[in-house]
Amino acid sequence: SEYPNIMARFNVSPETVNCRCCPDAPRVPELGYRVCRQRRGITSRVVERLIEKRRQYKQRMKVAEAMSGPQSPDSAQNASSYSLRRASLKWLLVCCFGYTGYKNARFGKIEAHEAINALAREKLLVAKEMAESKGYRILHALVDSLYVTRQGATREDYERLAQEIERVTNLPLAIEAVYRYVVFLPSRQNAEIPVPNRFFAVAEDGELKVRGLECRRHDTPPIVVRMQQQVLKVLSEAHDFKSYCLKLEEARRILDRYLDRLADGSVDVEELIISKRLTRSPEAYQKDTATAIVARQLHRSGVKLRPGETIEYIITDAGSKFPDDRFRAFTLWEAWRGYDVRQYRQALLEAFKPFEHFAPLRTGLACPQASPTRTSHLTRPHRSLPWVTAID
Ligand SMILES: [Zn+2]
């Protein structure tokens with residue numbers, strides 16, 4: 001995250017924002033707040049040290065990773081321990097930022113929180129303009145990262161861009177990955193608007209990055225997760241639009257096999273389990289949602305459930321008149337109940353849609369040109385540029 005870096009680099013801390021000693025300090029964009037120039041802020045000093053520690057762990061992690069192998073059995077374990085330490089420091093940093101906006105916190109001050117946000121927006125804007133002035137197109141800009149592309153740009157070009165942005169924003173910036181292609185998916189609310197938190201991308205080395213798809217969610221039945229993972233693996237072999245279309249044909253056959261197995265009843269019931277977290281106690285549910293029905297079933301059979309616990313169930317007959325027949329707690333499920341083929345079929349089809357987002361329809365034999373608005377989401381090569389090397 002970029003916020004802690006802003007706190008460290010720009011001395012933003014509750015006691016440095018609008019201090020009394022520096023009436024002529026430069027103003028924070030948008031807000032006009034001042035930041036102290038004479039004293040180092042306490043949270044700035046704290047996050048600075050945490051950031052530095054994370055950087056050191058990253059180096060050690062890389063060394064350990066490079067050494068790991070049969071000769072050095074401890075290295076892999078060391079690498080994972082450094083990685084965990086980095087992760088816990090990251091959460092401390094996130095809290096340092098978050099708590100500036102919390103009025104009951106000793107080091108909370110909403111103006112500091114606002115100043116950090118304003119600086120982050122400003123820096124992102126500067127980065128965007130810099131990239132555009134060099135002929136890059138911005139695909140997406142998030143809190144702390146940019147997705148940019150330019151026809152024919154090489155890795156070196158992107159490295160240079162990252163350095164220039166680093167120079168003008170005074171914030172560390174690293175290239176996270178260079179992608180062969182990325183597919184930004186539309187928001188669920190509005191099919192016309194692609195969103196940055198639902199996408200899949202394939203890096204140069206074939207590694208997948210997936211966000212917001214069903215296979216990343218904890219409540220998705222394993223059968224859907226596995227189908228998506230297999231399909232993504234096949235699609236990750238594609239290098240351009242044409243090979244993507246060919247791979248998609250292969251992917252459709254994978255989907256078909258899943259649908260066939262579902263229809264002929266040869267799916268293991270474990271593959272169909274849906275997990276949900278209880279947000280309240282079983283009696284407190286008013287409506288007949290799946291969670292409520294299943295929680296009551298378990299409650300009746302003497303299972304003590306508390307909010308926060310996870311329940312597992314199978315969709316048995318979602319259209320039934322009797323709520324109790326619609327879903328069945330997994331532990332109470334008996335074979336004669338079967339499962340709701342239509343519902344699971346629908347779930348599989350729904351989970352396949354992202355892959356067909358801008359590809360030809362199934363009936364098409366050739367690979368027709370996708371509509372211009374759609375092809376624009378598939379760009380190559382394409383890189384993401386998160387702000388920060390030390391924190392990612
Ligand atoms: Zn001051």
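This is a predicted model: local features need pLDDT of at least 70, side-chain atom pairs count only at pLDDT 80 or more; totals for chains, interfaces and linings use all residues.

User: Is Tyr181 buried or exposed? And Tyr244, buried or exposed?

Analyst: Tyr181 has 2% relative accessibility, so it counts as buried. Tyr244 is at 1% and counts as buried too.

User: Back to Phe200 and Phe355: what is the geometry of their rings?

Analyst: Their planes sit at 70 degrees with the centres 5.5 Å apart, so that pair is edge-to-face. The partners come from distant parts of the chain, 155 residues apart. Phe200 belongs to strand E4 (residues 194-203), while Phe355 is in the loop between helix H10 (341-352) and helix H11 (372-375).

User: Which residues do ring pairs link into a cluster?

Analyst: Tyr147, Phe184 and Phe199.

User: And which charged end sits over the ring of Tyr285?

Analyst: That's Arg280, 5.0 Å from the ring centre. There's also Arg261, which lies over the face of Tyr258 at 5.5 Å from the ring centre.

User: Switching to the metal. What are the protein donors of the zinc ion?

Analyst: The SG atoms of Cys19, Cys21, Cys22 and Cys36, lying 2.2 to 2.3 Å from the zinc ion. Along the chain, the donors follow the spacing C-x1-C-C-x13-C. Cys19 and Cys22 are buried.

User: Why is the arrangement tetrahedral?

Analyst: Because the 4 donor atoms subtend angles of 107 to 111 degrees around the zinc ion, and the cut-off asks for all angles between 85 and 135 degrees.

User: Last topic: how many residues are in the largest nonpolar core?

Analyst: It has 52 residues, and Phe200, Leu348 and Phe355 have the most contacts inside it. Among the elements giving two or more residues to this core are E3, E4, helix H6 (222-235), H7 and H10.

User: Which domains give residues to this core?

Analyst: Domain 2 (134-264 + 352-386) and domain 3 (269-338) both do, so the core lies between them.

How values were computed: Residues are numbered from 1 along each chain as its sequence is written. Side-chain values use heavy atoms; hydrogens and water are left out. Buried means under 20% relative accessible area, exposed over 50%, partly exposed in between (1.4 Å probe, protein chains only). Rings of Phe, Tyr and Trp (its six-membered ring) pair if their centres lie within 6.5 Å; planes under 30 degrees apart count as stacked, over 60 as edge-to-face and the rest as tilted. Helices (H or I, at least four residues) and strands (E, at least two) are DSSP runs, numbered from the N terminus. A charge sits over a ring if NZ of Lys or CZ of Arg is within 6 Å of the ring centre and within 35 degrees of the ring normal. Donors are N, O and S atoms within 2.8 Å of the metal (3.2 Å for Na, K and Ca); water is not among the atoms, so sites may look incomplete. Four donors count as tetrahedral if all angles lie between 85 and 135 degrees; four count as square planar and six as octahedral if opposite donors are over 155 degrees apart and all others between 65 and 115; anything else is irregular. A nonpolar core is a set of buried Ala, Val, Leu, Ile, Met, Phe, Trp, Tyr and Cys residues joined through side-chain atoms within 4.5 Å. Domain bounds come from an automatic or database domain assignment.
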